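Me: I have a protein model open and would like to go through its contacts. Can we start with the charged side chains?

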Amino acid sequence: MKYVRILTTLLFVFIACSAFTMKEKGKGMYLVGVSASFTDSLIYFTDIQFIEGVELDKNKLLPMRSQYSDQLEFYLEEKLGLTNRTCFVYFNKNKDKISKQIKKMKDKYQKDGKSILKETGEAFKFTKAVEY
């Protein structure tokens, strides 16, 4: 009986400790799109957007990231008539880190005085990339 009581107590402590240390992984990712062109001084930035269900791959890269930059490129071509643009996607699990990174980039572009920064606003939304 003594061993059963000790075993039950240890099992209860193990379950209680593991419940507090469990981390939720793979909930989503924050994305920001940037579009620039070598032929003009307009640089477009999207809002910071949360995409649910996106996880980094084993190399800590965003899987199918080219699809996200294609989404931005198609939006700029179709809605705003801007062609021949290079689109980049920045990603991070931490919203504060990505906003700091984008702020630093915007400050760098504004410092040279030759670039015109524009926001796409809420008109553009990323959708989760689909594996094909």
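Reply: A salt bridge is a side-chain nitrogen of Lys or Arg within 4 Å of a carboxyl oxygen of Asp or Glu. The structure holds 3 of them. This is a predicted model, in which local features need pLDDT of at least 70, side-chain atom pairs count only at pLDDT 80 or more, and totals for chains, interfaces and linings use all residues. Residues are numbered from 1 along each chain as its sequence is written, and side-chain values use heavy atoms, with hydrogens and water left out.

Me: Which residue does Arg85 meet in a salt bridge?

Reply: Arg85 pairs with Asp40, at 3.3 Å from N to O. Arg85 is in the loop between H2 and S4 and Asp40 in the loop between S1 and S2, so the bridge ties together parts that are 45 residues apart in sequence. Helices (H or I, at least four residues) and strands (E, at least two) are DSSP runs, numbered from the N terminus.

Me: Is Arg85 buried or exposed?

Reply: Arg85 is buried, with a relative accessible area of 5%. Asp40 is partly exposed at 32%. Buried means under 20% relative accessible area, exposed over 50%, and partly exposed in between (1.4 Å probe, protein chains only).

Me: What does Glu119 form a salt bridge with?

Reply: Lys106, with the closest N and O atoms 2.5 Å apart. This pair links distant parts of the chain, since Glu119 is in strand S5 and Lys106 in helix H3, 13 residues apart. Lys106 also lies over the face of Phe45, at 5.1 Å from the ring centre. For that, NZ of Lys or CZ of Arg must be within 6 Å of the ring centre and within 35 degrees of the ring normal.

Me: And Asp107, which side chain does it meet?

Reply: The side chain of Lys103, at 3.1 Å from N to O. Both residues lie in helix H3 (residues 95–112), 4 residues apart, about one turn of the helix.

Me: Change of topic. How many aromatic pairs are there?

Reply: The count comes to 5. Rings of Phe, Tyr and Trp (its six-membered ring) pair if their centres lie within 6.5 Å; planes under 30 degrees apart count as stacked, over 60 as edge-to-face and the rest as tilted. Tyr75 and Phe124 form a tilted pair, 5.2 Å centre to centre with 50° between the planes. Tyr75 lies in helix H2 and Phe124 in the segment after strand S5 (116–119), so the pair ties together parts that are 49 residues apart in sequence. Tyr75 is buried at 14%, and Phe124 is buried at 4%.

Me: Which residues do ring pairs link into a cluster?

Reply: Tyr68, Tyr75, Phe124 and Phe126.

Me: Now the inside. Which residues touch the most other members of the largest nonpolar core?

Reply: Leu31, Leu62, Tyr68, Leu76 and Phe126, out of 17 residues in that core. H2 gives the most to this core, with 4 residues. A nonpolar core is a set of buried Ala, Val, Leu, Ile, Met, Phe, Trp, Tyr and Cys residues joined through side-chain atoms within 4.5 Å.

Me: Where is Lys60?

Reply: Lys60 is in the loop between strand S3 (49–52) and helix H2 (65–80). Lys60 has a positive phi of about 60° although it is not a glycine, and it is exposed, with a relative accessible area of 64%.
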